[in-house]
Structures are given as C-alpha cells and as structure tokens.
Amino acid sequence: MLLEVAGLDVYYGAVHALKGVSLNAGAGEIVTLIGANGAGKTTLLRTLSGLVRPRAGTVRFEGRDITRLPPHEIVGLGVSQAPEGRMIFANLSVEDNLELGAYRRRDRPGIAADRARVFQLFPRLEERRRQIGGTLSGGEQQMLAIGRALMSRPRLLLLDEPSLGLAPLLVREIFKTIQEINHAGVTVLLVEQNAHMALSVARRGYVLETGTVRLEDDAARLLQNEEVKQAYLGG
Amino acid sequence: MSEFLQQLVNGVTWGSVYALIALGYTMVYGILRLINFAHGDIYMLGAFFGFYAPGLIVAAGARAGEWLEGAHRVLHGVPVLGPGLGRLAAALSAAGSMADALQALLVLVIAMVGCGLLGIVIERGAYKPVRRSSRLAALITAIGVSLLLENGGVLVFGPDPKFFPQIIPSSNIALGGGVTISNQQVIILTVSILLMFALRFIVTRTRVGKAMQAVSHSHMAASLMGISVDRIITFTFVLGSMLAAAAGVLVALQNPKIEPYMGVMPGLKAFVAAVLGGIGNIPGAVLGGLVMGVAEVLVVGYVSPTYRDAIAFVLLIIILLVRPAGILGKAQAEKV
Ligand SMILES: Nc1ncnc2c1ncn2[C@@H]1O[C@H](COP(=O)(O)OP(=O)(O)OP(=O)(O)O)[C@@H](O)[C@H]1O
Ligand SMILES: [Mg+2]
C-alpha cells in the first residue's frame, strides 16, 4: 500500500473531528472520500499533510511512518496537496506560484519539464503565466492549485474539493485532468462533495460521517448503494 | 529656498535611516503579525557592535600577523612563499591603520553579522516559544526582550555614553546654491540605498525571498509547498536585524555619542514610519521612513525643535484617522 492510515483520532480542543479513521490507497489508484459538510474530510487531508497532529493513530507512506513529520518534510517525501480554498499566493504571479510548488527541488531541467507538463494540462495557465494569482478566476485558481501541487512531483496527490464553485463544464474538464494525472502514475486521494463525479472516476471510495468511516467499497458499488444514493447522490 | 533644499537633504538622509529600521518592523510583521518592539534595541546594539569592532579587527589582525610571522620564520628559506608570508604578516599587523573606508566597511559588516546572529537567538529563544500563544503574550515578550536588551546594555557597556570612533573624518561637499552635504551623509545615503536594493533583490528574485512572500501570505499554504516556515521566520529576523545594525553604525559614524537607550526613539519613529507606509509592505516602509525623516527635519527647521519627537506621533494619529492601512497598504480586512 502506498498510503496506510490506521486509527486516526484528531481533536480540535474539545471537538472530536476524526474518530479512529482508517483508510488505504494503493499505488496508481484514485481513491475518493465523500461526506457531508463537517464530516472531517479536510481534517483528514490536513492530518496526512502534517498540518494537524493526531492524538492517536498512524499515517504510513510507502511503508514509512510520517505521522509526526512536519509538513515541509512530508512534501519532500512525495505527498502534496491542493488544499480547500485553493490557497493561491495572491500577490505572486502564476509562474511564481508554480515555482514555489517546486520549492524543495533543485533539478532545474526537471522543474522546467514539469512546468511544461502543467501548462500542457492547463493551457489556460500558460496564457496567464505572468498574471497575479489573486486576479485569476475561481476555476483558474483551482487549476493553479492543482498544477502547483504537481510541481513537487508527488507520488500521492491530495485534492480537497477541486470542483467547488466551478461551472459544470469546467468540473468535467477538471475531473478529466485528474484522470490524466493519475494515468501518468500519480496516486490521487480525492475529497469531493460532487459524489457522483468522484465515484465515477475513482476505483474505490470511502464515506465519512461525523468523523468515522461509514462505508468503504469499490466506487462502482458505492454508486449503486441505496444509502449513498439517498444521502449523497440526490436520491 | 536653499535653506529648504538643505533641510530636504538632511531629512532624506535621516529618512533613509528610519527606512532601514522600519524595514525590519514591516518584514517581521508581515510574516508573524508581530510588532517586534525590541527592534530599536537591535539598532542600538548595531552601534555598539560597531564600536567594539575596530578593536576586534586590530586584535584579529595582530593575532593573524603574529601567526604568519611565525610561519614566515619557519618558511623563510622557501622562495616566493617565505617573503610573501612576511609581507602579508606585516600588512595584517598594521590592520589598525588600514584605509578608513575599508575599516568602516569591516565595522559595518561585523555589526551586521553580530546583530544577524543575535536576531537568530532572539527569535528562537524568545519569540518561537510563544508563537502559538495569544498575540498579547507575543507583545509582552517583545517588550520584555526590549527591556532586557536595554538593561543588559547598561550592564555590559555601562550607563555612560561611549564615543564611536571617527573612522571617517567629516568633510562637507557643496552641492551649489548654498546647499551642502557631508561626506557622512553621502555614505549614509549610499549604503542605505544599496542595502534597500539588495533587500528588494532578495525578496523579489530569490528562492528564499519568494518563500518569505509565501509565508507572509499564509503559513499553512507555504508549508504545503515544502517551505520550512520556521526557517523562513528566522531568516526574516536575520535580515531585519542586519538592516537595523547597519542603521546603527551609519548613524554612529555621524553622531558618535552612543548609549544603551539610543534605540528607543528611533525605534518608535521607525515603527511609526512602517505604519505610515502600510505595515507589512516593504516599499511602504521605505516611503514611510523618508516621509518621517523629512517631516521631522522640517518641523525642527520651521516650527520648533521642541516638536522634533512629537511630529512622529502626530503623523501616526493622522494616518490612523485618515488611512489606517497606511499610504501603500491595501485597505482590506486583516486575515489571520
Ligand atoms: N480549526 C478548527 N477548530 C475547531 N474546530 C474545527 C477546526 N477545523 C474544523 N473543525 C471542526 O471539525 C469538524 C470537521 O471539519 P472539516 O473541515 O474536516 O470538515 P469537512 O468534511 O472538510 O467539511 P466541508 O465539506 O464543509 O469542507 C467540523 O465540525 C468543524 O467544525
Ligand atoms: Mg472541507
């Protein structure tokens, strides 16, 4: 397993946000995590990236315990994230945002090649390479957030609601790009509200409910699951 | 008219000193949302480090000279190397009388490096432990560090003023129209402009500078890029402290009287300058510093020297009433 999460317990003060969450992702998979608002999806991704310290449980990446590593070292090991809210550096250009994504890397030719690859995935970003991040549209910012996360050449990409606030056409485009990224060998853990889309690109899925994993199955079966249909697929 | 121009020259010179100090306030605020009240004391320490630097240079020069002399005696039979060492030894032993400009430069560098290292100690020792506490805790810590440096200064350097060595004898240069500028003012202006350009280059063009901008935008986003936020914070303190140290030495070259409380007023005024320009905004700190310097000199010249220090607070009140975000600051809700 590329990623093995076992028994994570996360608290924010008195709020028990994750209650013994376990989850896996195998190399080359797209795994999706769906759940209602406040279920703990963002908390889980933040814990994986080292931004939040769990009270109990372990996170293993490529067999190595990364539970208590600082965020910047986790990025160095090959886990990157396009976070909730995109968190674009608003005062910096598209190019500088991408350059920061490659902060830990020193191989200039490799960085240039990856940047070219990001521009190939998102031609819109290339047109706007000198534009200031804060002036990009929401969709362009999402592309930049994903592109920036790719610049560290991750083996595991964490995406927190990449479709949020985008027009349906753009949502389809983003999901297609996520599949392309996956085909290039990057494992993806995809947090989504758009359960239908997420389950149709993923191989497996987890349903998170108030901090616990409620269901875990092949994505195709989750799509047919009555409970899931009721709660997340609009009947 | 010439009187006014003269005041302007003096004001801009003072202003560039305020700007150097204000840059440290604004960079640290940008990254930590912390007002580093000890920053003015770093300026004071810069002057003191500069004060002790020539002794250090002479001692180090003499020591190296002796050592080379010894090596020379052993090796004098060896052609080229022997005599070469001898000449080098003689030169180093005479380090005390080296060219004024070179010595001044060395003093500046030593003070900057000394304060840069001190910046690391202060950040790691005092501010880092309270980083996750309330802002009030951080503010009180800053005031504590300031008091520590001032009283520590009294303890170590003594309460009486010291006189900074006049490394560069003063002379005046006529600019025409009755306006003159001293060579020391020229040095202050030149060095501060060079330092500001160096800073600008670091912040906008280098990897670490872009990381500083990223951290100042959001610690979380920066750490997701693989940036070690702790390291960038320390680096920011080092940069700010080095600039303040430079300001301390530059001022002491012109006004040689230095004492442990000399940083209080310039520190406060530079802080006001940073707020004036828009705290967190680097060009704003430079602009605010210049405005402050010119305003101060004009008030002394045309109103009354009594108001010399008051003008800073008048400016602070005006800017807070009219444009609280500062001249170049963006008027936006503060994100934390
Ligand atoms: N910094 C915080 N301090 C206190 N409570 C928090 C904090 N962050 C999240 N929470 C709480 O933890 C729970 C899980 O939040 P989280 O953001 O992980 O949910 P989510 O599944 O990502 O929701 P959404 O779909 O709305 O983004 C929520 O009840 C939330 O209020
Ligand atoms: Mg969320």
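**Close-up views of a predicted two-chain model**

**View 1. A charge sits over a ring in chain A.** The charged end of R55(A) lies over the ring of Y11(A), 3.7 Å from the ring centre. A charge counts as over a ring if NZ of Lys or CZ of Arg is within 6 Å of the ring centre and within 35 degrees of the ring normal. The model is predicted: local features need pLDDT of at least 70, side-chain atom pairs count only at pLDDT 80 or more, and totals for chains, interfaces and linings use all residues. Residues are numbered from 1 along each chain as its sequence is written, chains are lettered from A and ligands numbered from 1 in the order in which they are written, and side-chain values use heavy atoms, leaving out hydrogens and water.

**View 2. R207(B) covers the face of Y103(A).** The distance to the ring centre is 4.0 Å.

**View 3. Chain A meets chain B.** On chain A, 23 residues are in contact with 18 residues of chain B (heavy atoms within 4.5 Å). The two chains bury about 1,900 Å² between them, 66% of it on carbon and sulfur atoms. Buried area is the accessible area (1.4 Å probe) that two parts lose on being put together, summed over both.

**View 4. E99(A) and K210(B) form a salt bridge.** Their closest N and O atoms are 3.1 Å apart. Two salt bridges are found across the interface of chain A and chain B (a side-chain nitrogen of Lys or Arg within 4 Å of a carboxyl oxygen of Asp or Glu). In chain A, α2 (71–77) and α3 (94–101) each supply at least two residues of the side that touches chain B. α3(A) gives the most to that side, with four residues. Helices (H or I, at least four residues) are DSSP runs, numbered from the N terminus.

**View 5. Y127(B) and F237(B) make a tilted ring pair.** Rings of Phe, Tyr and Trp (its six-membered ring) pair if their centres lie within 6.5 Å; planes under 30 degrees apart count as stacked, over 60 as edge-to-face and the rest as tilted. The count is seven aromatic pairs over all chains. Here the centres are 5.5 Å apart and the planes at 35°, so the pair is tilted. Y127(B) belongs to helix α4 (residues 100–127) of chain B and F237(B) to helix α9 (residues 229–254), 110 residues apart. Y127(B) is buried, at 3% relative accessible area. F237(B) is buried too, at 3%. Buried means under 20% relative accessible area (1.4 Å probe, protein chains only).

Note on methods:
Buried means under 20% relative accessible area, exposed over 50%, partly exposed in between (1.4 Å probe, protein chains only).
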